Amino acid sequence: MSPTQAPERPARPPRRALGRVPLVLLIPAALTALLALAPVAYLVVRAGEGGLDTAVRVLARPRTLELAVRSLGLAAVVTALCVIVGVSLAWLVVRTDLPGKRLFGALAALPLAVPSYVAAYTWVAAMPGVAGFGGAVLVLTLCSYPYVYLPVAAALTRMDPAMEEVAQSLGRSRFSVVLRQLRPSAAAGGLLVAMYVLAEFGAVSIMRFDVFTTQIYTSYRASFDRTPAAVLGLLLVLITLLIVAAEARTRGRAGYATRGNPARRPAVVRLRWKALALGWAGGVAALAVGFPLVSIGYWLVEGASARMRADLLGEAVTATLAVSAAGAALTTALAIPVGIIAARYRGRTATFLEQSTYVGHSLPGIVIALSLVFFAVRYAEPLYQRAPLLVIAYAVLFLPAAVGAVRASVLQSPPVLEEVARSLGRTPLQTVRQVTLPLAFPGVLAGAALVFLTAMKELPATLLLRPTGMDTLATRLWTETGSASYAAAAPYAALLMLFAAIPGFLLGRRSVEDDRI
Amino acid sequence: MRLIVTEVGKSFGGTPVLERCSLTVAEGELAAVLGPSGCGKTTLLRIVAGFERADAGSVTIGGREVTGLPPERRGVGIVPQEAALFPHLTVARNVGFGLPRGSRARIEECLELVGLAGLGRRMPHELSGGQQQRVALARALAPRPGVVLLDEPFNALDRSLRTSVRDEVRDALKRAGATAVLVTHDQEEALSMADSVAVMRQGRIVQKDTPVAVYSAPADLGVATFVGEAVVLKAFSSGDVASCALGELRLRGAGRGAGHVALRPEQLELREPGPEDRVLGRVERLEYFGHDAAVTVGLDTGDAVRVRTGGEVPHRPGDRVGVAVRGPVLFFPE
C-alpha cells in the first residue's frame, strides 16, 4: 500500500494491551530468561576462578594471538567473498535479463539449508587435499553467501526506480545510486556472515583449520584445567558481541533502501556478457548445491558396496529424534510465555525478557555448551553428561527461533480478543489457554517443528554435552569424517541433508500458496 | 447499574490524556461520549473496563468501587470497534463465553434479543459485518453486566448498513435495560442514538445533557461548533440583542459585552435581494449533497457564512442574495 492510500487513523495512546504483565506469564518468562542468561554469566565467574593471572597468562600466550588472527582472518575473507558473491548474484537475478534467473533465484537461497559441516564433509571426502584455510574459506563462503544475497535481493526489488532516473537526469551514473542504496543491506548481511563464521565449529574442524571454537573444544577435552577454555570462550563472546552491536546499528539504518513498495518495477538491464554471467551464476550454484549432492551420492554408492553399519545408523537416528523432540518441546514450552509478552506488552521488563532469550542467537553454540558444562558441574552435578542437559542446551540455543514464532503467531490475532475475554470474566491464565494459544496454535506448532529440525543438525553443543556412548547423526558424521571413513559417513550426511531440506521445502510451499491468494 | 467516574486522570509518557474527567450515567441510560479523535474518550472507556489503570480518580459501578479491580472482576461488557468475535468459536459459543457451561437458554435468549435467533451454529466469518456487530453485543449482554461499553462499534460498517444496525443495537440495549456508554466521534450517531450526550474535549467532559439540549444550548463556543455545524461571527451584546455582520440578532439566553454569536446553518435563509433586506452578499460557492446543499455567501461586510438550503438551489455563484435570520441565536462572551 502506498503511503497516500493509507487511511488516516486517529492518534491513540500507545497500546499496552492489558497494561502490566500478569504474574502467570511474568514468572515463567523470568525463569526462562534466567535459564538463558545464567550459564553465560557463570562463564565469567568460572574464568575468573582460575585467578586473574591465569586469565592473563592464557591471553598473553602467542597461541592466543595466533588464534585471534586466524579466526578474524577467516571471518574477514569469508565475509568479503560472501559480499562479492551475494551482491553480484542478487543484481544478476533481480535486475538483468540473465536466462533462467528464476531458477538461479531459487538456487541461490538453497545453501542455507545445507549444514556447513555436511558441506565440509562433502568437499573433504571428494578431495582431502582441500583441507586447511582454503577449504574453510570455500565451504563457509558457499554456505553463508545467502545471508548477503537475500537482503540485497530484497532491497534491489523494492528500490524505487525513480531515484535512479533522478540520478541519471542529474548526470550521475545509475550504478552509483544503486550501490549507495545497497550498502546498508550488504553490510548487515556481511556482519551476520562474520558472526556465523566466528561461531562456526563443525566445518572448520573438519577442514582442520584451528580457530577459537575448535581450540576451545580441544582444550576442554584435553586438559584437566578447564580455565583456559573458559577464558578463550569469553574472549570469543566479546568479539562476537562487538559484531552483534555493529550489526544492530546497520540494521537500524538499512531501512532507507527498502522504504515502501514502489508500483513500478525497475528497468531490466541487458547483459552484454551473457555467457560469462551464466557461468558465474551457474558455477556458484553447482559448487554450493550440486557438488554436495554429487559427493554424497558417490559415497553412498561406494559405501553400499562396503559393510554398512545399519545398527549404528538406527541408534543414531533414534537418539537424534529423541533429543531433538525433547528439545523442541522444552524450547516451545519456555518460549510461549516470553513470546506472548513480546507480542502483547511494552516497557522495560517486556523488552528485557525478550532480549535475554536472544543469547542463543548471538553467541557461538560451543560457548553456550561450555558454560552449561561449568554450570552443571558446579550447581547441578546429576545433570552433567546426561541427556536433560543437552535438551536444556537446545532450549537456550533455539529459544530465539521459538520465541520469534510464538510472537509472530500471537500478533496475528488482535489484542482486543483477549480484552473481550477478560471483560467476560476470564483470568489472565484462562485467557492465554482459551483464546491466545488456540488462535496462535498453528504458528507455535510450526515454530516447534522448526526447532525440532534445527536441533537434529546441531553439532558443537551435542558433541560437548551428549551422554557418554550416545551419538546423533551430526556427531557420527563428525567422528567418521575425522577418521577419514568417508563412505561410513555418507548415510549420515544424506539423512542430515534430507532433514535440512524439509523446512525449506515447507516454507517454499507456503510462499507459493501465499502467491495464489 | 449506575456508573460514576470521578475525577479520573491518566497520562501516557508524561502527556496527559485525561484530566479530572468525571461522568455519571444513570441506570438504564444510554450515554454517548462524543469527542474528536485524540480527546481521550477511548482511554476513558479502557479505564472503565479495567484495561488501563487510572493515575488518579475512581470508577464506581452500581455502588461498588472497581478502580483497582482487574477487568474480569468488574462486570463490564464491551463491544469493540470491529466486533472482535473469537474466530475459533461458533456464534453460540461466542455468546456463551461469559456464561457458565450449559447456559443454552440464555444464549438463545440473547441471540433473539439482537434478532439473530437460530444462527448459533454459524462461524463468525459466515456472518455479515452488521450481524457480527450484533453478536458482539449479545456476547457482551449475556452475563448481564453492570455496564456495557461500546467503542465506536459502527465504524467498520458500510454507511448504508450503519443506520439500521444502530437502531437494532439501541433497541436491544433498551430491551435488556442495560446501562451503556457509547464512545463515538460521529455527532449524528451520538445525537440520534443516545439518551444523553457527554461532549469530551482535551481529556475532560465539558457538557453532558440530552441531545436536544447539547445542540440547542451548548455550554461554550467549542461545543457549539463541534456538535452540529455553526456559523460563528464576532458580535457585541447589549443584553437581549447582539450586533454582528448579520445585523441586530435576538439572543437565546443572556450575555453582555464583546463575544461571538453562533447560528445553526438552518437558521439562515437566502432570498432575492429586496429593499427590506439590510444584509446582502454574493454567492461564492455551492456544495450540492442531494438531500440538501450548502451555499457559501460572502457578505458585503467582508465576513463569509455557510447556509444550508433544500435540495433545489435557485442561486448561482456570483448572484447577489439577501440573508435573513430565523429565531434567536446563541451568544458566547469572550
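Into which domains is chain A divided? Chain A is split into domain 1, made of residues 17-39 + 302-509, and domain 2, made of residues 50-259 + 271-292. The model is predicted.

**Domains of chain A**

- Between the C-alpha centres of domain 1 and domain 2 of chain A the distance is 24 Å.
- Domain 1 of chain A puts 22 residues into the contact, and domain 2 of chain A puts in 26 residues.
- On the side of domain 1 of chain A that touches domain 2 of chain A, the elements giving two or more residues are α17 (365-379), α22 (473-482) and α23 (486-516) of chain A.
- Helix α23(A) supplies the largest share of that side, with eight residues.
- Sorted by class, this side of domain 1 of chain A holds 17 nonpolar residues, four polar residues and one charged residue.

**The sheet in chain B**

- Six strands of chain B form an open sheet in the order β6-β7-β8-β3-β9-β10, and the pairing is mixed.
- Strands β6 (76-79) and β10 (204-209) of chain B are the edges, each pairing on one side only.
- From one strand to the next, the twist averages 20 degrees.
- Strand β7 (residues 147-151) and strand β8 (residues 180-184) of chain B run parallel and pair over four bridges.
- Within this pair, B:V148 is opposite B:A180 of β8(B).
- Helix α1 (residues 41-49) of chain B packs on the sheet and touches β3 (30-34), β6, β7, β8 and β9 (196-201) of chain B.
- The direction of helix α1 of chain B makes about 150 degrees with that of β7(B).

**Residue B:V33**

- B:V33 counts as buried because 30 other C-beta atoms lie within 10 Å, and the cut-off for a buried residue is 20 or more.
- Leaving aside residues up to four places away in sequence, B:V33 touches B:K41, B:L44, B:V181, B:V183, B:A198 and B:M200.
- Among these contacts, B:K41 and B:L44 fall within the range of helix α1, residues 41-49 of chain B.
- B:V181 and B:V183, also touched by B:V33, fall within the range of strand β8, residues 180-184 of chain B.
- B:V33 and B:T184 are 151 residues apart along the chain, yet their C-alpha atoms are separated by 6.2 Å.

Conventions:
Residues numbered from 1 in each chain as written. Chains lettered and ligands numbered in written order. Predicted model: local features only at pLDDT ≥ 70, side-chain atom pairs only at ≥ 80, totals over all residues. Pairing = 2+ DSSP bridges. Axes fitted to C-alpha atoms, helices over the stretch in contact; angles between N-to-C directions. Contact = placed C-beta atoms within 7 Å. Domains from an automatic or database assignment. Nonpolar A, V, L, I, M, F, W, Y, C, P; charged D, E, K, R; others polar. Buried ≥ 20, exposed ≤ 12 C-beta atoms within 10 Å, placed from the backbone.
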